[in-house]
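Hi everyone, thanks for coming. Today I'd like to walk you through the aromatic rings and nonpolar cores of one model.

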Amino acid sequence: MPTTTSASPAAAAHRRRSRRKAPPPRQPWCCSFGLDPSTAAAAAANRSPLPAPPRAKPSHQLAPPLSRRIRSPGRVSPIDDPSFAATAGSCVSARLSSVTECPPPALPPPPPPPPPPAAAVEKPRATLRLRLVEKGVVLEVDEVERVRRESKVVRKVLGGRGGEVAVEGKVEVESFREAVEMMLEDEDETAAMRRLARGGVARAIGVLEVSLSLLFDRGVNNCLMYLEAVPWNESEEDIIKQLLSQHSSYEAAFRNLLARLQPQRPTSSAELVVELVDSITKGTNNNARKELRNLVNGILSKSSVYIKGDKELDKRSIYCICHSCLNSLVGLFEESSDLVHADERSISSVGKGPLERIYKLVEDINWLLQILIDRQMGEEFVDVWANKKTLSSMQERVSPMIRHELSRISATIFIAMGSGKLHCTGDKRFSFFQAWFRPMLVDFGWLRRYPKGLNVTTLEEGIGQALLTLTLAQQQVLFMEWFEAFSGQGRECPNLMRAFQVWWRRSFVRSLGSSS
């Protein structure tokens, strides 16, 4: 049948394939970079390895024949030969066992170093401790021998051993450290000057104090050279003076420094002041003369620190300068009286030159008079001024623009006399009033208009108080003269009403011996 005939060949083929034996399962791949089996076996025979334990292989895995082994370049082939695997495993076991069971022999320990000879045994280094007592700071120095050579104190106290040296004095830590560093360094004078200049004068004074305490001669000389070449302020000068007075053993080294503090040939300051005063009175620059007068006033002031313990001024020399100025003033007034008449008041008619010289002389005389009053030596000037009849007689012949300058000098005397700074006798006081009271009444208006630093109220008070120092009879004459001038000129005259009331009460109301 055709259907049976066509199906029988396919069924027969199926039956043939089913009768074929199933191939064994594939061996697992193992990456190995070992030797060829023959080479591995030869190497194992030569080494006589330990017997390796047999490896159990599953019964279902059969080794394929060697002829089916794949050897292609660049690829890793599976290991199929059981003898090769056993040989390789035994080789590895042999290597591991040789490492474990046969360790390399240990190196012998190094021999101990030979002991040093007795002479070479190093002694402990001596250390110097320098203590700054005021600050509680300690500097440790290893170079004891170097410090011993530089400092006499360290050499005397410590000898050849280490130890501690205390340094007294109120110095800064930086100055203390600087002095120690100077001991440890070899420096010439130039390098030492640069070192001290970096710290300034105050630091150099501190280094000098430490060096003097330690008797460090090189440091003392370097500090003195630096301080002698630089300026100091007043506080630094006081410290230097104190140091020089406390360390007289260095007097020779202090010579240059003492020359700046003590004059080699002492002179009196009073004599120098007289020379300064005379120079000012002869000066021509008004601004400079004013500044110099203030300078001299500061020196002569009782509260000044510049003339403590000095003697009084040379009274005779000061009065010689006063007489010279008064004689020049008389000459200028005589020259001015020849140029103008009494009714001419224009400055152009007098001339600017003579007028400026008069102003200058009046300023100088008033300044000298104030110096004498402050030093309680002005009583003689009152007598001199009262006897200048030539000047007082020029009131009618000289312009009030010029003559009122003379009343400035009288005003200074009135104020000093009224405040009790001039202790003249009654006769000298009355003589002064006789010569200069009337000119004051005439020129008071000019002084009010051109005070030039004069306190007019103080002047009025001074005139009244000075007038009350006279006798009541003398006061009556002068007060009546004032009363007449004041009634005609008003505020162009000084206001002496309070002093007039005192005189009136003393004379007529409460005179001595009358009952209240």
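I'll start with the cores and then move to the rings.

A quick word on the basis: this is a predicted model, where local features need pLDDT of at least 70, side-chain atom pairs count only at pLDDT 80 or more, and totals for chains, interfaces and linings use all residues. Residues are numbered from 1 along each chain as its sequence is written, and side-chain values use heavy atoms, with hydrogens and water left out.

A nonpolar core here is a set of buried Ala, Val, Leu, Ile, Met, Phe, Trp, Tyr and Cys residues joined through side-chain atoms within 4.5 Å; buried means under 20% relative accessible area, exposed over 50%, and partly exposed in between, with a 1.4 Å probe and protein chains only. The largest core has 77 residues, and L329, F381, W385, F432 and F433 touch the most other members. A second, separate core of 40 residues includes V154 and L158.

Now the rings. Rings of Phe, Tyr and Trp (its six-membered ring) pair if their centres lie within 6.5 Å; planes under 30 degrees apart are stacked, over 60 edge-to-face, the rest tilted. That gives 19 aromatic pairs. One of them, F500 with W504, is stacked, at 6.2 Å and 25 degrees. The two sit four residues apart in helix α22 (residues 497–509), so about one helical turn separates them. F500 is buried at 16% relative accessibility, while W504 is partly exposed at 43%.
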